[in-house]
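Open the structure in your viewer and keep the selection panel at hand. We will go stop by stop.

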Amino acid sequence: MEFRAVVSLLRLKFSLPSIVPGLVAFTIARYHYGVFFTVDFLMAMLVVFLVTSAGLVINEYHDYELDVLANRTELPLVSRKVSLRTAKLLGYGLFIPAFVLAGLISPKALAITLIASFFAVAYSAPPLRFKARPLVDSLTNGLTYGPVTMGLVFESLGLPVRWAVVYSLPFLVLLSAGHMLLAIPTIEEDLSLGARTSASWLGRERGIRVGMLLFAVSTIMVAAYCLLGYYPRASLMVLPFMAYSVLQLRRWLRGADRREVFRRMEFALLLGALAFLLPFFL
C-alpha cells in the first residue's frame, strides 16, 4: 500500500474546494451580523472537509466494480495500490473526527453534520445510491453544499440557521445545475455502466437546456436577493457574467466544443464570483 495512493483517495482537487461555500456563508454572515473568525467556525470548515473527503472515498469504494469494468487503472483501488478494506475504513472512519468536532461546536451542529454525512453515504452506497437516481443526484449536491454547509457555518457562528437556508437558496439551484452539467460529457459511459444520472436521463440536449434554465433561475434569484437587501446591491455586477455563462451553454447546445465552453465558463464564473463577493467587504 502506497501512502500517496491513500492520499489520492481523498481527491483533494474536490475535497478542498468544498469549503468554498462555507467561506461564502461566512462572508454573508459577516455582512449581515459583523462576525469574525472563531475557533468554532474553523472547526466547522474542517468538518466540511472531513465529510466531503469521506464521501469521496466511499464513492470510490462503492464504484469499485464499475471502475474495474471500465478498466480505470489510474484509480488506486483498481490498480490495487490501496485495498478495499483500507478504503472502507478510511471513508467511514473520517466521520468520527467530524462528529467529534461538530459535537464540540453544539448539538445542532452535530445534527447538521449527521444530515451531511447521510447525504455523503447515500449518494453512492446502496440501497439508496442517489447518484444513480435522476434529479435526486444533482439535488443532493445542491442541498449538501448549499443549505447544509451554510447552515453549519451559521450555527458555528451562533447565528440563526433558518437565515442560512434563505441566503443559500440561489446557490442550491446553481450547484444542482453545475452538478448535472458536469455529468453530461460522461453520459455514454454512465449508461454503459448502468448509472442513470440526471444527465443520462435527460440526454445531452435536454440536459443542457435544463442547465441553462437553472442558471437563469439562479441569476434571477441573485438579482431579487440583491434588490431585497439579502445581498449587497453592488453584487448585481455578477449578472453579466452569469448571462455570459448561459450564452456559452447555448453555444455548446449548438455544437461548440465542450472544452472551450467549459474553459470560458470557468473564467466567467471566477470573475463573477469576485464581482459578487467584493461588495460584501466594501
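This is a predicted model: local features need pLDDT of at least 70, side-chain atom pairs count only at pLDDT 80 or more; totals for chains, interfaces and linings use all residues.

**Stop 1: helix 3 and its cover**

Helix 3 runs over residues 20-33, 14 residues in total. From its first C-alpha to its last it reaches 20 Å, close to the 20 Å expected at 1.5 Å a residue.

Which residues of helix 3 are buried? Select Pro-21, Gly-22, Val-24, Ala-25, Phe-26, Thr-27, Ile-28 and Ala-29.

**Stop 2: His-32**

Go back into helix 3 and pick His-32. Is His-32 buried or partly exposed? His-32 is partly exposed, because its relative accessible area is 29% and buried means under 20%.

What does the side chain of His-32 reach? It reaches the backbone oxygen of Tyr-230, at 2.6 Å. Leaving out residues up to four places away in sequence, His-32 touches Tyr-167, Gly-229 and Tyr-230.

Arg-11 and His-32 are 21 residues apart in sequence and 34 Å apart in space.

**Stop 3: Tyr-167**

Move to helix 10 and select Tyr-167. Tyr-167 counts as buried because its relative accessibility is 5%.

Show its contacts, skipping residues up to four places away in sequence. Tyr-167 touches Ile-28, His-32, Tyr-33, Phe-154, Tyr-225, Tyr-230 and Tyr-231.

Tyr-167 and Ala-25 are 142 residues apart in sequence, and their C-alpha atoms are 8.2 Å apart in space.

**Stop 4**

From Tyr-167, step to its contact Tyr-231. Which residues does Tyr-231 contact, beyond its neighbours within four places in sequence? The list is Ile-28, Tyr-31, Tyr-167, Pro-170, Phe-171, Val-222, Tyr-225, Cys-226, Phe-276 and Phe-280.

Tyr-231 also belongs to the largest nonpolar core, which has 75 residues. The members that touch the most other members are Leu-157, Phe-215, Tyr-231, Leu-249 and Trp-252. Colour helix 4 too: it supplies the largest share of this core, 12 residues. In soluble globular proteins, nonpolar side chains tend to be buried together.

**Stop 5: Asn-141**

Select Asn-141 in helix 9. Asn-141 counts as buried because its relative accessibility is 18%, and the cut-off is under 20%.

Look for a polar atom of the Asn-141 side chain. It lies 3.2 Å from the backbone oxygen of Leu-175. Apart from residues up to four places away in sequence, Asn-141 touches Leu-175 and His-179.

**Stop 6: salt bridges**

How many salt bridges does a search of the whole structure find? It finds seven.

Start with Arg-129 and Asp-63. Their side chains meet in a salt bridge, at 2.7 Å from N to O. Arg-129 lies in the loop between helix 8 (107-122) and helix 9, and Asp-63 in the loop between helix 4 and helix 5 (64-69), so the pair ties together parts that are 66 residues apart in sequence. Both Arg-129 and Asp-63 are buried.

Next, go to helix 15 and select Arg-264 and Glu-260. These two are four residues apart, about one turn of the helix. Their side chains meet in a salt bridge, at 2.8 Å from N to O. Arg-264 counts as partly exposed, because its relative accessibility is 35%.

Glu-260 also meets Arg-251 in a salt bridge, at 3.5 Å from N to O. Arg-251 counts as partly exposed because its relative accessibility is 29%.

**Stop 7: colour by confidence**

Finish by colouring the chain by pLDDT. The protein chain averages 93, and 99% of the residues score at least 70. Which elements have the lowest and the highest mean pLDDT? Helix 11 (residues 187-192) has the lowest, 78, and helix 7 (residues 95-105) the highest, 98.

Conventions
Residues are numbered from 1 along each chain as its sequence is written. Side-chain values use heavy atoms; hydrogens and water are left out. The expected span of a helix is 1.5 Å times one less than its number of residues. Buried means under 20% relative accessible area, exposed over 50%, partly exposed in between (1.4 Å probe, protein chains only). A polar contact is a pair of N or O atoms within 3.5 Å; within protein, one must be able to donate a hydrogen and the other to accept it, and residues adjacent in sequence count only if both atoms are side-chain atoms. Contact means heavy atoms within 4.5 Å. pLDDT is the predictor's confidence in each residue, from 0 to 100. A nonpolar core is a set of buried Ala, Val, Leu, Ile, Met, Phe, Trp, Tyr and Cys residues joined through side-chain atoms within 4.5 Å. A salt bridge is a side-chain nitrogen of Lys or Arg within 4 Å of a carboxyl oxygen of Asp or Glu.
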